[in-house]
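Reader: Could you walk me through a few local details of this model, taking one region at a time?

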Amino acid sequence: MDIVIRLAKPDDARDMAEILSRSWEAAYRDIIPINYIKEKNATRHALFKRIITDENDRQYVIQADGKTIGVMCVAPPQEEADVQIVHDSGIDDSFYEVHGIYLHPDVYRQGIGKVAMHFAFDKARCAGKSHIILWVFAENTNAIKFYENCGFTPDGASKIYHCGKEMKCIRMRRKL
């Protein structure tokens, strides 16, 4: 299987919406209320159509043999609270964030997530970053295991998202 990860283009919006919808249905079916998933999925095409412009520099598509099978976003942290992380040696603001990696359920457990994660590590290193972070639902044990296998550890930070119910998210980080 030939895996290519490239910046998303405006004509990728429909495929991106479909991938994210199917991924949420599979990955979050026992975590997030189904009505909330359906509401979010109904807005995905319009969202990607709006945010994927010719100037896009953070949203990527993952393709296998020319077919889109995943989406990901890797970039500087979006939230002001995530701009600095305290390390044992002091504050280090030299990090990137994996804002999401979502694969179509048909390609789960085929090593594609690890390829995508290494792509994210390379992007962060090329940008001169020394750490990478991500947020994950505390109930999403499958994702947490995957991230741990990729070298991430929880760093103690958490926050609450409202996804049809209150959902605790934990921050994980990895030194590059």
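Predicted model: local features only at pLDDT ≥ 70, side-chain atom pairs only at ≥ 80, totals over all residues.

Reader: Okay, how do the axes of H1 and H2 cross?
Author: The axes of helix H1, residues 13-27, and helix H2, residues 34-51, come within 8 Å and cross at roughly 160°. Since angles over 145 degrees count as roughly antiparallel, H1 and H2 are therefore roughly antiparallel to each other. The crossing in which H1 passes H2 is right-handed.

Reader: And which residues meet there?
Author: On the H1 side they include Ala13, Met16, Leu20 and Trp24, and on the H2 side they include Tyr36, Ile37, Arg44 and Phe48. By class, the contact of H1 with H2 has eight nonpolar, three polar and six charged residues.

Reader: Switching topic, where is Asn140, and is it buried or exposed?
Author: Asn140 sits in the loop between strand E7 (131-137) and helix H4 (141-149). Asn140 is buried, because its relative accessible area is 7%, and under 20% counts as buried.

Reader: What does Asn140 touch, then?
Author: Not counting residues up to four places away in sequence, Asn140 touches Tyr28 and Ile31.

Reader: What about Val115, which helix is that in?
Author: Val115 belongs to helix H3, residues 112-126, and is partly exposed, with a relative accessible area of 39%.

Reader: Which residues is Val115 in contact with?
Author: Leaving aside neighbours within four places in sequence, Val115 is in contact with Ile3 and Ile5. Val115 and Ile5 are 110 residues apart along the chain, and their C-alpha atoms are separated by 9.1 Å.

How values were computed. Residues numbered from 1 in each chain as written. Heavy atoms only, no water. Helix = DSSP H or I, 4+ residues; strand = E, 2+ residues; numbered from the N terminus. Buried < 20%, exposed > 50% of the residue type's maximum accessible area, 1.4 Å probe, protein only. Contact = heavy atoms within 4.5 Å. Axes fitted to C-alpha atoms, helices over the stretch in contact; angles between N-to-C directions. Parallel < 35°, antiparallel > 145°, perpendicular 65-115°, else oblique. Left-handed = near helix turned anticlockwise from the far one by under 90°. Nonpolar A, V, L, I, M, F, W, Y, C, P; charged D, E, K, R; others polar.
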